[in-house]
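Open the model in your viewer and show the whole chain. This tour tells you what to select next and what is there.

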Amino acid sequence: MLTLLIVGDEARSRRLLAFGLVDEGDVVICADSPAGLQSLPAPSEFGVVLLDWEMKAASAKLMLEHLQDLDPDLPVVATVTDELAARAARQAGVARHLMKPFSTEDLKALLKQTARARPLPCRLVAEGAGKGADAAAFVNAGDIFESRSQCMQKVLNIALRVAPTSANVLILGENGTGKTALAHGIHERSQRQRMPFVTVNCPCLQARLLESELFGHVRGSFTGAVNDTLGKVAAAEGGTLFLDEIGELPLEIQPKLLRLLQDRQYERVGEIKTRRANIRVIAATNRDLREEVKAGRFREDLFYRLNVIALDMPPLRRRPEDIVPLAEEFLRETGPAAKGRVCSFEAAVRRALMNHRWPGNLRELRNAVERAAILSEDGRLEVKDFPFFGGNPEEGETPKVGDFVSLLELERAHIREVMARTQTLGHAAEVLGINQATLYRKRKLLPRTPAALLAATTAA
């Protein structure tokens, strides 16, 4: 099992190396600057470092010195272009070097020979998020967590840090944002990965049946209890118990769940014997649990016990740079359902995908792509194949902050909204923070839609 840190300032090279060097179960994280190293896991987490000695944007020697300050025993392999660079790298303290060009197999073998043993039960690839550290992203075939979005990368960085621990995790977010998939990802990258991942859907059952589902029951404890049942807590022993939609957990069960979280103890329904549980709990909800606590529908002590680590999954509308790559991934997955046709998006569809608000998030995007691919006649997906676009993505709803539109379009939309809600041009100018003459000039440049004409007439 290889745990590798790749240090280099060429994003494409890092990406190719990350995917070319790892086997199943390996770990790879990338960094491109000294500042980037600060937000990564401690160097002791890595078995070996691969350092590009010919970095242009940063000094490889300074990067090496920084790593040595953090962990003097960390083995480093440098890639060099000539013997002069190799000599400099060795003098600076690298363990081994490899001359460019090299084969992936030779480099992989050298890294494994040099690496110190460090078992980490996960596989991740981190790739550039701009300045500083390359934000980590879970990567599997078709993984929805391969993200270009900074807000999503922040969530994933926290998830990666908490995954190897046994801390309780609370995943928040709208329906369809991928909360269940993130819970699976955390489990698969934890020390419990070989043990069960058991899901309990909290809203699906009445309180008594849900209690039995969770903790089990003994024969005769209630009507219909004809056999002893262990329950989901026992089924998850040694692994992870995932409580989906925890915000809808009935109040009468909450004290028993609190006891399970605090003391790892519980009793089956109708049984006196106390049982112990060795489980990790991950919970998810689309509700605001703080508001639920204020309303008296959720116990405050249970909320704080669950809320050890909170991960707030951003809705898809806050991840516009991820929409088209995700849609393309879903399109590839839809191949068999689309009778093996190779489908593709027209340029207008790509623009429409990014401008749509996606209230159903990833679930809605996946379903929309699958429907369009199945019903398409020739595999070329057009705007007409997505009915909710309204036929013309260029004339959609008012653009909002974060949409893929120009600043000019955003400014015009804001001016229209303010003018429509104010009584005079002077009031509108005051709200916008500009003088009336400037507003008058900007108003003349607005497209003269019926709404704009009405606003202009009202403001005048």
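Contact here means heavy atoms within 4.5 Å. Take the contacts between residues at least 6 apart in sequence: 69% of them join residues at least 24 apart.

**The whole chain**

This is a predicted model. Colour it by pLDDT. The chain's mean is 78, and 80% of its residues reach 70 or more. Now select residues 390-396, where the pLDDT is below 50. Beyond near neighbours in sequence, this stretch has 7 contacts in the model. Residues 449-460 also have a pLDDT below 50, with 15 such contacts.

Switch to cartoon. You are looking at 19 helices and 16 strands. Of the 460 residues, 48% count as buried.

**Arg 280**

Select Arg 280, in strand β13 (residues 280-285). What is the nearest side chain of opposite charge? It is Glu 188, 12 Å away. Arg 280 is buried yet has no salt bridge. Look instead at the backbone oxygen of Ala 163, which lies 3.0 Å from a polar atom of the Arg 280 side chain. Show the surroundings too. Residues that Arg 280 touches include Val 162, Thr 165, Ile 186, Arg 192 and Leu 241.

**Helix α8**

Move to helix α8, residues 207-215. Its buried residues are Ala 207, Leu 210, Glu 211, Ser 212, Leu 214 and Phe 215. What do they pack against? Their partners include β9 (197-201), β10 (240-244) and α10 (254-263). Just after α8, click Gly 216: its phi is positive, about 85 degrees.

**Salt bridges**

The structure holds 18 salt bridges. Visit three of them.

- Select Glu 271 and Arg 268. Their side chains meet at 3.0 Å, N to O. Arg 268 counts as buried because its relative accessibility is 8%, under the 20% cut-off.
- Select Glu 292 and Arg 287. Their closest N and O atoms are 3.3 Å apart. Glu 292 is buried, at 8% relative accessibility, whereas Arg 287 is partly exposed, at 33%.
- Select Lys 442 and Glu 411. Their side chains meet at 3.1 Å, N to O. This pair links distant parts of the chain, helix α18 (residues 436-444) and helix α16 (residues 407-421). Lys 442 is partly exposed, at 26%, and Glu 411 is partly exposed, at 33%.

For the last stop, select Arg 268, Glu 271 and Arg 275 together. Salt bridges that share partners join them into one network.

Terms used: Residues are numbered from 1 along each chain as its sequence is written. Side-chain values use heavy atoms; hydrogens and water are left out. Helices (H or I, at least four residues) and strands (E, at least two) are DSSP runs, numbered from the N terminus. Buried means under 20% relative accessible area, exposed over 50%, partly exposed in between (1.4 Å probe, protein chains only). Lys and Arg count as positive and Asp and Glu as negative; His and the chain ends are not counted. A salt bridge is a side-chain nitrogen of Lys or Arg within 4 Å of a carboxyl oxygen of Asp or Glu. A polar contact is a pair of N or O atoms within 3.5 Å; within protein, one must be able to donate a hydrogen and the other to accept it, and residues adjacent in sequence count only if both atoms are side-chain atoms. pLDDT is the predictor's confidence in each residue, from 0 to 100. Lists of a residue's contacts leave out its neighbours within four places in sequence.
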